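Dear colleague,

Please read them with the coordinates open beside you.

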Amino acid sequence: MSSPDSSATLPSSSRMSFPEAGQRPSPDARSLVVAVDIGGTFTDVTLQDPSSGRAWRAKTPSLPSDPSQAFLTGVRLALEEAACQPQEVGRVLHGTTVATNMILERKGARAALVTTAGFRHVLEIGRQDIPRRVNLYSWVKPKRPVPASRILEVRERIGVGGVELEELDEASVAAAIESLRKLEVEAVAVCLLHAFANPAHEQRVAELLRAALPDVAVTASTDVLPVVREYERSLTTILNASVMPGIASYVGHLEERLADAKITAPLLLMQSNGGVAGARTIRRAPALTVLSGPAAGVVGARDVAAACGFGDIITVDIGGTSADIALIKGGEISLTQHGQVGEWPLSLPMVDIVTIGAGGGSIANVTKGTLTVGPRSAGAQPGPACYGRGGTEATVTDAHVVLGQLPESLLAGRMALERSLAETAIRKGVAEPLGLTIEEAARGMLAIIDSNMVGAIRVVSVERGHDPRDFTLVAFGGAGPLHGCSLSALLGIEKVLIPPAPGVLCAEGLLAADLKAEFSRTLAKSGRIDEVVVTRLYAELAEDAKSWFEEEGVALADRREQRVALLRYHGQGSELAVCWAGDATSTEVQFSKAHSALYGFTLDAAIELVTLRIEASGRMPAPVREKLGRARGAKAIATRRVRFAEGLRDVPVFDREKFGAGDSFTGPAIITQLDATTLIPPGWEGEVHVSGSLLLARE
Amino acid sequence: MLRSIEDEAKPAADASSKKQAAAGVCDPVTLEILRGAIRAVQAEMEALIERTAISAFIREKKDFYTSLFDADGVMAVGSNMPVFGDMSGSVFKRFPPEAMRPGDLYWYSDCYESTGAVSHSNDQVLIAPVFHQGRRCAFVMSWAHFADIGGMRAGSISPDATDIFQEGIIVPATKLIDGGCVNEAVLEMFHRNSRFPEQSRGDMRALMASVELGVKRVDEILIRFGAAVVEDGLRQLLERTRRLVRERLAETFPYGTHRFTDAIDSDGHGNGPYRMRFALTRERGAKGEDRFVLDASGSDDQSPGPVNFLMNPGVPGMALGLYYLGGDPGQVCNAGGPQALDEVVLREGSLLAPRFPAPLGMRGLTMMRVLAALMGLVNVASGKGPAAHSAYVITLMRGTFTDEKGEKQPFLLSDGIGVGYGARPYADGIDAVYFVAQENYPVEFVELGYPVRLTHYGIARDSGGPGRYRGGCGIVREYEILADDAILAVRIDGVTNPPWGIAGGMSGGAGRAVVNPGTERERALRPLSDGNRLTRGDTLRIETGGGGGHGHPFDRPAEDVLEDVLSGFVSEKAAAKLYGVVIAAEKVDAAATAALRRKRPQVRAFHRNEYVDVLA
């Protein structure tokens, strides 16, 4: 589907660039940077010249069967438009939702777990708790990602401190391999007891599995999360394994395509923590990317909001399949180590995001007279009915088309939206079963999807004690600008920000992100700080960081290392991370200060060291931000009839490309641009900010 | 919840809401934000306890809770705990709220003085008033189980106890901080009574800090919303729960008296079974309004052993309330539940209202059975409640081990082990859980911290009561003893009176404790017993019970039974015998299954070891 015909480029040469004074080009500043975000429905590409800030954008439909094809199509288009050679590309940055969607839709590889004999049900038992916030009478324990029928035991035992108590019985591994063959699995996780202290057995099992089952993706727990506590480690390992085949073939394809296109630049992927990392890291631990795409969007949203002077924002990224929602207070993106993907805890550092299955492709369903919308999605294939690609089920996009809120074509006329198909789908799927008019059905669908998103926004705001009315809603993703105002009205939010290129905001985030990696060692036995040990371990970690810097090609001047010590009072179960202050005494003082500041007290107890960590980052040259030219007086390019709840209205349509800084408009209005359509309902007004964002406010 | 914000967002946004706020009315949107803000305070207080406490019982098992009370000490936002009653009353008896000052902190663990607000002495309760502009507006509470507070054996609770003085130090309501000045002497006295004073010290600091944090955060809420709006909001939260629970009670219980009897096996001293008899009467009051009266006075007399459950009169309403609130996260478990019952009748000297100084330490098994019996009442009246669950199991292992330096060290391992919960009319019972919020000691954790090695940790096969919906399964946990010497207490109930099944569902399997299983030295332990000696090299195997099933087992889809068999939850033998499903070569034998299922056994209302119409 994604032939060049169905794609388009948007040269932003009509915008003027003002590189900030004093911006020092880094040694490879002449290299171009490409940022690619592959969503469920569209693939967005931004090519940027970091030294001038000049950017070229391309958008092309995603092709789920081979996302790399759209990836490359987009990159080629952008290069052509910029009249640049592939060799000029210095970095390829990429954010992806592949892993997230696989977990949320339970479409990961068919996976199995190999564990220590006697402990097959660790996953079923979990932490044996009824979660604190649920109701014990109504709670149903979620089905595990791998049922116990696919959990195999091998005879071996490592004990405390990594001591081998029982040799690995390779015959039992052979038996497990036979069972795995019968189970026809695509991925296997290996998580053995105490492997975090001694990975030898685990690595040997993984090696035997890889040799015997070359087509099966194998993950050992110590490759992903080498920490104590078997349940959480097993779960993370399984999730990693189940997305591994998908991600590995995906990254492999991307690299092949890049090579075909003569792009030799390294491929960097966005991680859940808002930093990027190389393909090798990601292949080994694809679970690090579960929030890759969403994290990129949040980083991008923070940047565009900051350019308008907003630090308190709620970000709503609505794509084809899902909506990702996050809250940023004071410009700080909060990271969590206790993230959750779907129903599962995932103990990897990630941006604090809530994801729900609500997007433009979400399918409406009527069962027993009840209308629901999502989480099932038509995705890019077949896509909404109005795409005319064979989709017959009514989607949210179809509802927008029926109400006149979307134009007849997308992507600057290269993709038609067929209203009649949308009407048929809604009539058959929703209106007739419920005895409604098509218009009522469409409006009902939108009310439900908005309501679902309001629920998720409440989770990040109200449920955490924040009043959404104190925040600006940043709406982006292909479908975000259609819903921004209606969501805000439901929440009492007064201000909405629509970024310059809402469909490719993830690309903005990719361009703004630094390379990030963490290297840590947990001491075999925690105890008082021993400076000799600390010096030795930091030296080892620094070596690891150095090889990583080299692997990632980070110039000396751009390397940053933060030495962190994780300390606790003897007996505590959680550590506090404090910067290593150079010696034991000063670091202990730092710890006491931090404990007092955070918890309000200190204890007269021994302070013990648990883990040492180096947080390495490779600083990327900050992108130069373009500024819009002055207002030219916005004129409507067309008028559309839109069915609002208040009635049928003639609505002016503006071309966003023609706006200058300071242009203003009042609702109802529709603003079209290549990658998104913004709907401004009656009662709202808007203004164009010099950074290119639209600022909408209630009259 | 979603609908409410859609309907109500508009009035909130306009100017009239600001006028309402001035008049002290909390509008519906502000109410939801207030509720969320209080939940956030709770989460922060809980996180502080978890991250800073020292004992594994608190930081790893997470036996702690927090709540917020209104200006009169009525619980407005609790935890989802069905066994909370009136938490503040015993403080007020000694310290009238009018005399309280900012910076005060109150403390107690006295079961009898608090009428069972805490029901064994290990639970320490800290409560502090929150003042705003000189006015008392709220209270915050943190509660945690302290691992050792003295008493006859390490861990303080023991099946051997015969009065409460053997169960550790008792703290009557005490002013721990007086206007900012800490009574260090009373703290020292408390810690001196613990076998593990460092844990006691660290845990108490954590608990005090969490209350301090709660006071600060609630103060911020008061500043943000105004005292009048908060007061009105808390009132609404209470009223909302109370109204909802009363509506649901009326839907469940026709006018008249509904009775249910359940039993625990023994008190560990050779007595039992003990029956608890509940009667719920719905009648019309003087003005024709509904009156709901819960009468437990027919329960058996108190026991010499420590299985007495000193039940705060608020508990039945809290438990029924939580059941009725269901899975809606917008609802709040609070004193609205207890307030929904007009009267709770208890008989002094009975198992549920024992006389001082009867021992209480093992009350957990009775408490869990009370919760099942309350669901029995619901089932008798409407048939929509869950089947019975097992009582969670606890083992206390105390002894000495030799450390790396060759020195003998004492240790205490209080290991809580999950059980199976009852099947619901719409879902299987929960497999392998302990109780609300309380977590296990992971295998790796327990081996790092204690002189044991686990040899098996898994699902207890066939422990879930068979049914269309299967009861949850219990757990097998097997330890190799690395300690030099240890004395073990074990608490398992529901062996002779297993958790009942309903609507054709069968009772759950029973638990057991056995030392050195499968060897010549094998010996079974009494399910509720102490003084069991273990030495290095012994193997201790604990199996816990399951929950009752719901619906006829022959109606369970054969594929579900197959998955249970392949996953080790149900044996092939039980699949054929109890579910009528024949499994051969890891597949369902459809023909043989159909043949078996034609011989469908007759069932009756309840099942406990056998089908019966009424449990007695």
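Between which two strands of chain B does the loop that holds E586(B) run? In this model, which is a predicted one, E586(B) sits in the loop that leads from β22 (583-584) to β23 (587-588) of chain B. The residue has a positive phi of about 60° although it is not a glycine, and it counts as exposed because 11 C-beta neighbours lie inside 10 Å, where exposure is assigned at 12 or fewer.

A second residue of chain B can be set beside it. A432(B), in the loop between β13 (408-417) and α12 (443-449) of chain B, is likewise not a glycine and has a positive phi of about 50°. A432(B), however, has 30 C-beta neighbours inside 10 Å and therefore counts as buried.

Just after α13(B) comes G568(B), which takes a positive phi of about 85°.

Also in chain B, a cis peptide bond, with omega about 0°, joins G272(B) and P273(B), and P273(B) belongs to the loop between β8 (256-264) and β9 (274-284) of that chain. E247(B) is part of helix α8 (residues 227-252) of chain B and, having 13 C-beta neighbours inside 10 Å, counts as partly exposed. From E247(B) to Y323(B) the separation is 76 residues in sequence and 13 Å in space, taken C-alpha to C-alpha.

As for the domains of chain B, the assignment gives domain 1 (2-234) and domain 2 (386-552 + 600-616). Their C-alpha centres lie 32 Å apart, and 17 residues of domain 1 of chain B are in contact with 18 residues of domain 2 of chain B.

Turning to chain A, the assignment there lists domain 1 (4-102 + 249-289), domain 2 (108-243), domain 3 (515-618) and domain 4 (638-698). The centres of domain 2 of chain A and domain 4 of chain A, taken over C-alpha atoms, are separated by 53 Å.

V173(A), A176(A) and I177(A) are its buried residues, and they lie on the same side of α4(A) because they cover an arc of only 105° around the axis. As background, an α-helix has 3.6 residues a turn, so residues three or four places apart point the same way. The cover over the buried residues of α4(A) includes β6 (111-116), β7 (151-154) and α5 (200-212) of chain A, whereas on the other side of the helix A171(A), E178(A), R181(A) and K182(A) are exposed. The residue that follows α4(A) is E184(A), whose phi is positive, near 50°.

A helix pair in chain A also deserves a look. The axes of α1 (residues 67-82) and α7 (residues 230-260) of chain A come within 9 Å and cross at roughly 35°, and the crossing is right-handed. On the α1(A) side the contact is made by P67(A), S68(A), F71(A) and L72(A), and on the α7(A) side by Y250(A), H253(A), L254(A) and R257(A).

Two loops of chain A complete these notes. G667(A) and P668(A) are joined by a cis peptide bond with omega of about 0°, and P668(A) is found in the loop between β33 (664-666) and β34 (669-673) of chain A. D604(A), in the loop between α16 (584-599) and β30 (607-618) of chain A, is exposed, with 9 other C-beta atoms within 10 Å. D604(A) and A456(A) are 148 residues apart in sequence and, C-alpha to C-alpha, 43 Å apart in space.

Note on methods. Residues are numbered from 1 along each chain as its sequence is written. Chains are lettered from A and ligands numbered from 1 in the order in which they are written. This is a predicted model: local features need pLDDT of at least 70, side-chain atom pairs count only at pLDDT 80 or more; totals for chains, interfaces and linings use all residues. A residue is buried if 20 or more other C-beta atoms lie within 10 Å of its own, exposed if 12 or fewer, and partly exposed in between; C-beta atoms are placed from the backbone. Helices (H or I, at least four residues) and strands (E, at least two) are DSSP runs, numbered from the N terminus. The arc is that of the directions from the helix axis to the C-beta atoms. Two residues are in contact if their C-beta atoms, placed from the backbone, lie within 7 Å. Domain bounds come from an automatic or database domain assignment. Axes are lines fitted to C-alpha atoms, for helices over the stretch in contact, and angles run from 0 to 180 degrees between N-to-C directions. A crossing is left-handed if the near helix is turned anticlockwise from the far one by less than a right angle, and right-handed if clockwise.
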